[in-house]
Amino acid sequence: MGRHSRRKRTSGKGSRNLGATRPGKGRQRKHLSAVKIRHRCRLVKDKGQQRSGSATGRTKKNRLIHIASQVKKRDFKSPGDNRNCDICRLYPYVASNVAHKWRDLARQLGLTEPNISAIDANQRGDAKESCIEAIETWRLRSGRSATVPELKKALVEAGLKLVADEMDEFPAADDTAVSMRTTPMMFQTMPCQGTFGNRKRDKVCHEMVTQLEKLAWQGHWQKLGRFASRASRRYKDQPDVVIRVMFEKVLACNFRYDLEGGYACLKQAEKLLFKTDDAHHHQARMLEVKAVLLKKQKKYQEAKTAIDLAQQALVSMKKGRDQGKIWYTFASLHALMFINSEVTSHQLLVSGTCQSPYHSAMRGFQQALDNFQAEEDDSLYRDKRCGIVHVRQAQLLLQCWSEARRFDKDVYISEENLKEAENNLHEVENKYWENIPNRTKCYWHLAKSDLHRYRCNKQRARELAKEALKIAKSFGFSSEMSFIIL
């Protein structure tokens, strides 16, 4: 046989017989999960876009059409796949409360580490969407065995008992209930928070808000007013910028008990709302600052309604500072409701109910902390906000909240709460002290004083209270001076 003669190709180890299949692979390909099919569609689409003009690009496009036809034929009709199932209605609730621990939940649902890594890469680090995809993957795999009790069991095993207990309070599913991605809400899907499609404008907003917050926390009201007026005149043609200035002016009025001025600024913000590029996002923030004013007036029920409406936007907001502010206001409101409650603190703490203001406040502070820690662009802002949350959380644990302090015989502080408060204050002192505002330093000394008082170290408690009073007098914090007891 000559050297150029053709040899019969056999389907051996080194051959490329495209028709051959390895044992077991055909069966696996027929039963691809819905999540894997979506992932393949996305990968093929991305590669096809890169080679749109080539023959390879046309081949990729054909493969994409083929895979999409598989998805259409199957329509995801697994035994337990029901768009109106009880688990689907829980997506908004679970995503908002479990986002920071979605990996722990995914492990308890039986997902492997490669599955978790693939979901994280697929959603590009978005914790809420990753949480939803993890539950969706478990639901499609488990079929009819994917039930609400099983999900609650996984939440408890993941250390999220509070979330599991409050799940029963979520509205029941009905014929119109659908998954989170199609649930009608007051707030529709929003772009990435703060950017609104214009990074240059976002940078301007970020710098101005940071400066206004700094002036407010230091009590420099005249400087704040002049800065806000200049900013409003300079950016009068950009309502998205001016409305953020108005929000910070509302919060500044809240600090100095100027409620009339706060509502006047809020009215100006309402006029700008529908001129902005992203009215939904700004409306959520407007509800949040209105809740702050109502809280100052001790209209707690109205404030709770406002902050509950603002929280509807959390599902569509990117994790970060704006979401953290909403959670912080939520926590502060429930902390005040707890301190001002006619029920004794002992009854509230030992009742075991997860719906109490105390437990809601603790959950809100944890969510706020998780959101502020996700702020990667500005480390100084992140440290400042995290320090504020730690101090406020310590004040709640010690029941020495600013406007209302318990000094009666019914005060009950467990040793566990004392230890947790001490850890919070210690972390602030070692990690965030240089970045927290002077007002928060006053609160820190106040909380530290009460900690020593509960541990019967009266001399040290008095020294720290004097230091807190000194800071309050130095910077003109009149409200803080009124409740510091030596």
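**Salt bridges, pair by pair**

Mentor: Arg107 and Asp104 both sit in helix H6, three residues apart, which is about one turn of the helix. Helices here (H or I, at least four residues) and strands (E, at least two) are DSSP runs, numbered from the N terminus. The two residues form a salt bridge, with the closest N and O atoms 3.1 Å apart. A salt bridge is a side-chain nitrogen of Lys or Arg within 4 Å of a carboxyl oxygen of Asp or Glu.

A word on the model. It is predicted: local features need pLDDT of at least 70, side-chain atom pairs count only at pLDDT 80 or more, and totals for chains, interfaces and linings use all residues. Residues are numbered from 1 along each chain as its sequence is written, and side-chain values use heavy atoms, with hydrogens and water left out.

Now look at the cover around that pair. Arg107 is partly exposed, at 37% relative accessible area. Asp104 is partly exposed too, at 32%. The cut-offs are these: buried means under 20% relative accessible area, exposed means over 50%, and partly exposed lies in between (1.4 Å probe, protein chains only).

Stay with helix H6 (residues 102-108). Arg103 forms a salt bridge with Asp120, and their closest N and O atoms are 3.2 Å apart. This pair links distant parts of the chain: Asp120 lies in helix H7 (residues 113-122), Arg103 in helix H6, 17 residues apart. Asp120 is partly exposed, with a relative accessible area of 24%. Arg103 is partly exposed at 35%.

Next, helix H8 (residues 127-142). Arg139 and Glu136 both lie in it, three residues apart, about one turn of the helix. Their side chains meet in a salt bridge, 3.2 Å from N to O. Arg139 counts as buried, at 2% relative accessibility. Glu136 is buried as well, at 7%.

Some salt bridges join up. Glu213, Glu248, Arg285, Glu288, Lys325, Lys384 and Arg385 are linked in a network of them. The structure holds 17 salt bridges.

Finally, step back to the whole chain. It has 24 helices and zero strands. Of its 486 residues, 50% are buried. Take the contacts (heavy atoms within 4.5 Å). Among those with a separation of 6 or more, 70% come from residues 24 or more positions apart.
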